[in-house]
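Please look over the sequence and the model shown below.

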Amino acid sequence: MKNFIKLISTFLVLLSVFSCQEKDQLIYKNQELSIDERVDDLMSRMTLEEKIGQMNQYNGFWNVTGPSPIQGDAAKKYKDLRKGYVGSMLNVRGVDEVKAVQKIAVEETRLGIPLIIGFDVIHGYETLSPIPLAEAASWDLKAIKKSAEMAALEASAVGINWTFAPMVDVSRDARWGRVMEGAGEDTYLGSKIAYARVKGFQGDDLSKENTIVACAKHFAGYGFAESGRDYNTVDVGTSTLYNIIFPPFQASIDAGVKTFMNSFNELNGVPATGNKFLQRDVLKRDWNFDGFVVSDWGSIAEMIAHGHAKNLNHAAEIAINAGSDMDMESYAYVDELTKLVKEGKVKEALIDDATKRILKVKFELGLFDDPYKYCNKEREEKVLGSKEVMDASLDMAKKSIVLLKNNRNILPLKKEGQNIAVIGALASDKTSPLGSWRIAAKDSTAVSVLEGLSAYKQNKITYAKGTELVLGTPDFTTEVKINTTDRSGFAEAKSVAKNADVVIMVLGEHGFQSGEGRSRTELGLPGLQQELLEEVYKVNSNIVLVLNNGRPLTLGWADAHIPSILECWQLGTQSGNAIAQVLYGDYNPSGKLPMSFPRNVGQLPLYYNYKNTGRPTLPGKDIVFWSHYQDEKNSALYPFGHGLSYTQFAYENLKVKQEGDKFFVKIDVKNIGKVKGKEVVQIYIQDVFASVTRPVKELKGFEMVSLLPNEEKTIKFTLSDKELGFYNNQGNFVVEPGKFKVFIGGSSKTVIETSFEIYE
Ligand code: NOJ
């Protein structure tokens, strides 16, 4: 009997343990519970190695849908994936591929934790919008948000749930190839655009099937690479860091961004990836960021080459202690962190913190509730290249075009009876308009300028290439080869131009000439294009120069000779249609430059919000001792904020009124031309004297206004502490008394000015 009772009680204890476990197991899978409860429960079940696994991100490594052999690195990655030692993968795309890796994570690993799937969805997935710099030229935040929404729509339909965008690096040096990926030189415009892009990608509910996680990158300073050479050293002071570089990152947090990417560069002697000040002190402590930080590709291991870590083990220790939560392709965390924790060099609490941050985002995406929610074949087919995304891409492309010059009013073109010569290799190119960040877009899928123009059938078009721009077929990883010798097409181009009413010359950079690793020291028209332009000009000066480029170029000769210049960047899939509609005036251009165009590459870095210096003006006739160049003006050829329309706008009645600690500014803007148009009204301030010197002008607001001929509107702005203050050299935000100037107009060059004073 005693034995029987013992047996029964043992049975009951075991039963209660099992049922407890059974109940327990449901906790992290229980959708009724809060995400924090679910994360805590899951964490309590994970081994140290499994937690570290969540911090490991691998690039796609074998053809998951085919029979490719799994060897070398791929074998290790596959093994790690099955053990649950991979938290994320990038560059796996398409419903079939994503489903295949997700299935291993969910069905073969001990805890079945789903992967978060990342991809560089920079300006679209398969249907491309204009490059981000071009979109910034629209100054149209609604359209920019919409463009990110469309990118998320396509990406989420092919299994992707995390984009490495937006790049919010402010950049002032057009030599840097990645200026194409950002919002240009201004921190205020950049912050507004960062906010719009994050909102566009993430929406208000990450668990929806058409929203994806955004990533503010590259934290921090990447856009300030010395000499504009990619990956180069960055050395900037507190004032630039806090007032120029940080604000777009803060705006991304305001928009709810869930991830940050650190950066390849060192910042003031410490690589960003191993920089505790940036990641732990500023981002996670001061800004309260509760998402996670992913390293840039291999940037943990690169700390060895930087001369900051002695080996991979040391690099892993530095990176985690500094606050990098996920390792992209360095193999540092997966191979070294367990040892480091066991040796006491890394606190387990840091691993827990990083893992929790990552798991939380996966829960927010809803991946635990349905790991295959982004893997719907039908949806994939329906969404890719759909009318909705194509229409949005065309709309964004038109809004991104900037009219730099229109002297003889050649533009808009007449719709009938014109003999039009089209010249330039880029006019027929269907790949270059896609830019360099187009991993999922297929070659030759952009509408070329020639194709776009062909929709206007009442004019006669004759095309001549004139010269090849590139040799061979450029791609994502290799250097572009430029034609510098073959002029055999010049004669044909000149003869075609000679008899034309108007010559449209489509010149500029190939899409693969800007982007990552694509810095340049010369910013003129590449190859033989300048020569071609000058030759054609000799036979017919009635030229419209259509520029395709990923960065500001030096256009001194063109500005002095060519009557009309239209900046058309790389506009994505709908490029040619957008350009044709603007050339013909079916869309009146309203874009404004987000970066200054230099006169000469020697002026770089060049930006409108420079400091005055102690010697800003000529002291007397022929005296050299002032801040200038002997051989070139200081100013930009086309300044930040510049952009014309087919109509003109007049500004008058600038007024400022103070109420409490706020200043209300207003101005009347009138359309004094003949057609309807849109104008981006810009307000700048200058804090005339301060404990830390302030720029000559700083953008503090803008509004886009649409006006019919003769129509007038009053545009109002409010300036409060947020606009009038700045960060001092201790990193504290201060508003100092004194005189402030206010400028309003259609570009940063505006001279319409008033002033007010803040009293002690
Ligand atoms: C390196 C780039 O710097 C980064 O922006 C990108 O997201 C990663 N590669 C992943 O492709």
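With which side chain does the side chain of arginine 520 make a polar contact? The partner is the side chain of glutamate 509, at 2.5 Å. A polar contact here is a pair of N or O atoms within 3.5 Å; within protein, one must be able to donate a hydrogen and the other to accept it, and residues adjacent in sequence count only if both atoms are side-chain atoms. Arginine 520 sits in the loop between strand S16 (502–508) and helix H20 (529–539). Helices (H or I, at least four residues) and strands (E, at least two) are DSSP runs, numbered from the N terminus. Arginine 520 counts as buried because its relative accessible area is 16%; buried means under 20% relative accessible area, exposed over 50%, and partly exposed in between (1.4 Å probe, protein chains only).

The model is predicted: local features need pLDDT of at least 70, side-chain atom pairs count only at pLDDT 80 or more, and totals for chains, interfaces and linings use all residues. Residues are numbered from 1 along each chain as its sequence is written, and side-chain values use heavy atoms, with hydrogens and water left out.

Next comes the ligand. The residues around it are Leu90, Asp120, Phe164, Arg178, Lys217, His218, Met261, Phe264, Asp296, Trp297, Met328 and Glu516, where a residue is near a molecule if one of its heavy atoms lies within 4 Å of it. By class, this shell has six nonpolar, one polar and five charged residues. Ala, Val, Leu, Ile, Met, Phe, Trp, Tyr, Cys and Pro count as nonpolar, Asp, Glu, Lys and Arg as charged, and the others, Gly among them, as polar. Ligand oxygen atoms lie 2.7 Å from a polar side-chain atom of arginine 178, 2.8 Å from a side-chain N or O atom of lysine 217 and 2.6 Å from a side-chain N or O atom of aspartate 296. The ligand taken alone exposes 300 Å², and the protein buries 94% of that. Accessible areas come from the Shrake-Rupley method with a 1.4 Å probe; for residues, only the protein chains shown count as cover.

Leucine 90, one of the residues around the ligand, has its C-alpha atom 4.9 Å from that of asparagine 59, 31 residues apart along the chain. Asparagine 59 lies in strand S1 (residues 56–59). With 17% relative accessibility, asparagine 59 counts as buried.

How many salt bridges does a search of the whole structure find? The search finds 50, a salt bridge being a side-chain nitrogen of Lys or Arg within 4 Å of a carboxyl oxygen of Asp or Glu. One of them joins aspartate 140 and lysine 399, with the closest N and O atoms 3.8 Å apart. This pair links distant parts of the chain, 259 residues apart: aspartate 140 is in the loop between helix H6 (132–136) and helix H7 (141–157), and lysine 399 is in helix H17 (residues 387–400). Aspartate 140 is buried at 12% relative accessibility, and lysine 399 is buried at 14%.

Other salt bridges are found within a helix. Glutamate 380 and lysine 377 meet at 3.4 Å, N to O. Both lie in helix H16 (residues 377–383), three residues apart, about one turn of the helix. Glutamate 380 is buried, at 10% relative accessible area, whereas lysine 377 is partly exposed, at 39%. Salt bridges that share partners also join Asp120, Arg178, Glu181, Lys217 and Glu516 into one network. Asp120, Arg178, Lys217 and Glu516 are also among the residues around the ligand.

The backbone has some features to check by eye. The peptide bond from alanine 165 to proline 166 is cis, with omega near 10°, and proline 166 falls in the loop between strand S4 (162–163) and helix H8 (187–202). Another cis peptide bond joins phenylalanine 219 and alanine 220, with omega about 0°. Tyrosine 331 has a positive phi of about 60° although it is not a glycine. Tyrosine 331 lies in the loop between strand S10 (327–328) and helix H14 (332–342), and is buried with a relative accessible area of 11%. Asparagine 409 has a positive phi too, near 55°, but counts as exposed because its relative accessible area is 57%.
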